[in-house]
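Subject: Model for you to look at

Hi,

Here is the structure I promised to pass on. Please open it alongside this message.

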Amino acid sequence: MKFYDISLERKILDEISVDRAFEDIKAICEIGEKIAGSSEEGRFVEYISRRLNEAGVEHDIYTFKGYVSMPIEAKLKIIYPIEKEIPCQVYAQSACTPPEGIEGEIVYVGSGGIDDYKGRDVKGKITLAELSYSPPRPEKVRIAQEKGAIAQIQINWGLIERKLLPRGTVKSIWGNPTPDDIPRITRIPAVGITKADGAFLKDLIEKEGKVKVWLMTKTWRGFKDIHDIIAYVKGSKASEKFIILNGHFDCWGPGATDNAVGNAALLEFARVFTKYRDYLRRSIRLAWWSGHESGIMDGSTWYVDNFWDDINKNCVGWLNIDSTGMKGSERFWAMATEGLHEFIAKTITDVDGMEPVEVHRLIKVGDASALGVGVPHLMTFTAFPREEIIREVGRYTPIYLGWWYHGPEDSIDKIDLKAYERSLKVYAALSLRFVNLPILPYKFSEATEKIVNYVKEIKKLSGGIVNLNRIEHNAIELNEKVKKFEERVREKIDKATTVEDLEMEEINNVLMKLSRYIVPLMYTYDAGRYGQDPYGLTHLEYTVPNLSIIEELTKIPRDTDEFYMYLTKAVRKINLVSDQLEEASKII
């Protein structure tokens with residue numbers, strides 16, 4: 001890494017104190033369950049502000065309205081072919097049943113993804129799904145609602161002997177709702193049950209065929225005052241440019257691993273980076289978000305909405321820290337927008353010695369709220385061994401956050417301090433490299449190569465239903481231009497004898513402008529640059545989400561009204577993607 005002071009990195013990593021961070025974790029957990037809008041949230045804000053003041057860190061506290069929710073009551077009973085009460089937990093943002101409850105037949109839908117509904121009629125019925133991130137909880141409920149189900153029951157993950165009820169939210173709307181979102185507000189009740197009771201219900205369905213239940217739920221949801229805390233460490237050269245190092249603070253239960261570990265890490269980074277601020281090229285903003293758990297990213301989305309222009313012009317990276325250092329976790333697992341995969345893998349290997357590093361396409365979870373703006377995102381944490389996940393869950397799922405997830409058992413004994421210390425050092429190095437590398441660490445050929453391959457794949461799949469020639473041409477042209485640009489940058493770095501020889505500003509301006517096209521192209525669907533697609537939306541799993549409609553189109557019978565409606569939308573999506581590719585090419 002030419003023109004990067006590795007000795008400064010060593011000093012900063014040596015300065016990071018896991019013991020100091022752990023003391024903050026204990027204090028944060030002692031506050032208790034910090035549901036957005038609660039008095040405990042207020043106590044947390046006071047604590048973080050006091051600790052930042054002690055470290056001499058400038059910060060702001062923002063108060064705003066967030067659309068949050070409070071679970072109140074739920075009851076579930078099998079009424080046919082036997083009678084049996086089953087303990088359950090209503091999810092935040094669940095719809096309420098009438099006071100007398102509802103009745104319905106249960107249909108098991110596996111993970112609750114779109115493909116799990118093939119051949120199943122769930123209209124007027126209650127779906128039974130497995131808790132996982134494939135798809136995430138709110139997307140399971142959104143799909144069930146779309147398919148005509150009247151409620152959903154979710155089975156907790158973990159070993160069958162663990163008698164834990166899952167908690168969380170089922171709001172798929174990312175951030176505060178707008179008038180356009182009213183039809184998308186969750187209209188069906190949703191509850192969680194234990195793994196054991198889920199197994200009992202599945203066995204009963206298999207033996208008896210038809211199983212009916214009675215369900216009653218009660219929740220509160222609406223707008224409440226919630227808070228964001230933003231701290232500032234100003235760089236000494238290109239100080240207007242910044243990364244946002246961030247994590248949520250609201251939690252279910254004590255929230256030791258989800259996410260006191262992230263909150264304390266941010267405090268420690270604020271302290272250490274402030275001490276070395278005169279050696280930083282760019283700036284660091286540290287953010288503690290509310291409205292993550294009972295809202296769905298209300299805090300981070302509010303910040304993006306209200307500081308959109310500044311983020312658009314100046315934010316070079318979005319680093320989310322959440323649920324790392326868990327007891328039993330070992331290897332680093334990372335996900336990032338394409339363009340940062342090589343950067344994050346190399347940094348983890350340099351700091352931790354681990355290789356190879358698994359780096360995956362980013363899933364829009366966490367607080368990945370600036371994807372529409374075009375800010376490159378990354379996240380990493382120490383993950384459980386594959387065999388441990390399979391043992392607990394019954395199958396492999398890439399994101400597994402411990403059997404204690406979202407419960408009263410998420411206490412400080414679930415933290416492995418050695419794994420946590422490794423995470424602190426990796427995040428400190430990622431942050432420092434992001435702000436101090438003269439050239440931003442983007443390699444967008446990772447993205448453009450994938451786009452070309454996906455366009456060719458979807459063109460073959462379409463069978464000529466739509467014309468993809470222009471998109472294919474524009475994708476290939478952008479890929480070739482990006483590769484040539486990266487080669488010129490490498491040559492410039494090799495030849496440079498001083499950092500001034502690099503023409504950094506010109507190169508970084510091109511990289512930032514490219515990010516504002518490439519990231520939204522690969523991580524938005526209907527929302528575009530200014531809105532937010534639903535949490536866990538299935539379309540976002542595709543390399544170019546806007547082209548996923550072509551795959552849907554191929555499954556619809558020709559010469560039907562539905563086919564021509566989808567065809568119209570597909571053509572418009574094609575035009576949008578083609579223009580984005582063409583405009584990105586003009587930057588280079």
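First, the ground rules. This is a predicted model, so local features need pLDDT of at least 70 and side-chain atom pairs count only at pLDDT 80 or more, while totals for chains, interfaces and linings use all residues. Residues are numbered from 1 along each chain as its sequence is written, and side-chain values use heavy atoms, with hydrogens and water left out.

Cysteines

The structure holds 0 disulfides (a disulfide being a pair of cysteine sulfur atoms within 2.5 Å). C88 is in none, and the nearest cysteine sulfur, that of C96, is 13 Å away. For C96, the closest cysteine sulfur is the one in C88, too far for a bond. C88 is buried, at 12% relative accessible area. C96 counts as partly exposed, at 42%. The cut-offs: buried is under 20% relative accessible area, exposed is over 50%, and partly exposed is in between, with a 1.4 Å probe and protein chains only.

Aromatic rings

Rings of Phe, Tyr and Trp (its six-membered ring) pair if their centres lie within 6.5 Å; planes under 30 degrees apart are stacked, over 60 edge-to-face, and the rest tilted. The count comes to 25 aromatic pairs. One of them is Y62 with Y303: the centres are 6.5 Å apart and the planes stand at 55 degrees, so this pair is tilted. Y62 sits in strand β1 (residues 58–80) and Y303 in helix α7 (residues 298–306), so the pair ties together parts 241 residues apart in sequence. Helices (H or I, at least four residues) and strands (E, at least two) are DSSP runs, numbered from the N terminus. Both Y62 and Y303 are buried.

F434 and Y442 make an edge-to-face pair, with 6.4 Å centre to centre and 65 degrees between the planes. F434 is buried at 0% relative accessible area, and Y442 is buried at 7%.

There is also an aromatic cluster to look at. Y62, F64, W289, W302, Y303, F307 and W318 form it.

Charges over rings

R137 lies over the face of Y91, 5.4 Å from the ring centre. The rule: NZ of Lys or CZ of Arg within 6 Å of the ring centre and within 35 degrees of the ring normal.

Annotated region

UniProt lists residues 468–495 as "coiled-coil region", in an unreviewed entry. Over residues 468–495 the chain is 96% helix and 0% strand, and the end C-alpha atoms are 41 Å apart.

Second largest pocket

On a 1 Å grid over the protein atoms alone, a pocket is an open set of points with protein on both sides within 12 Å along at least five of seven lines; lining residues have an atom within 4 Å of a point. The second largest pocket holds about 640 Å³ of space. Its lining has 24 residues, with E342, I439, L440, P441 and I493 nearest the centre. α9 (341–352), α13 (469–495) and α14 (504–523) each supply at least two lining residues. Of the lining, α13 gives the most, with 5 residues.

L362 lies in the loop between β13 (358–361) and β14 (377–382). L362 is buried, at 5% relative accessible area.

Best wishes

Conventions: UniProt positions renumbered as here; feature names shortened; annotations may be inferred. 1 Å grid on protein atoms, 1.4 Å probe; cavity = no way out; pocket = protein on both sides within 12 Å on 5 of 7 lines; lining within 4 Å. Points joined across faces, edges and corners; volume = space filled by probe spheres on them.
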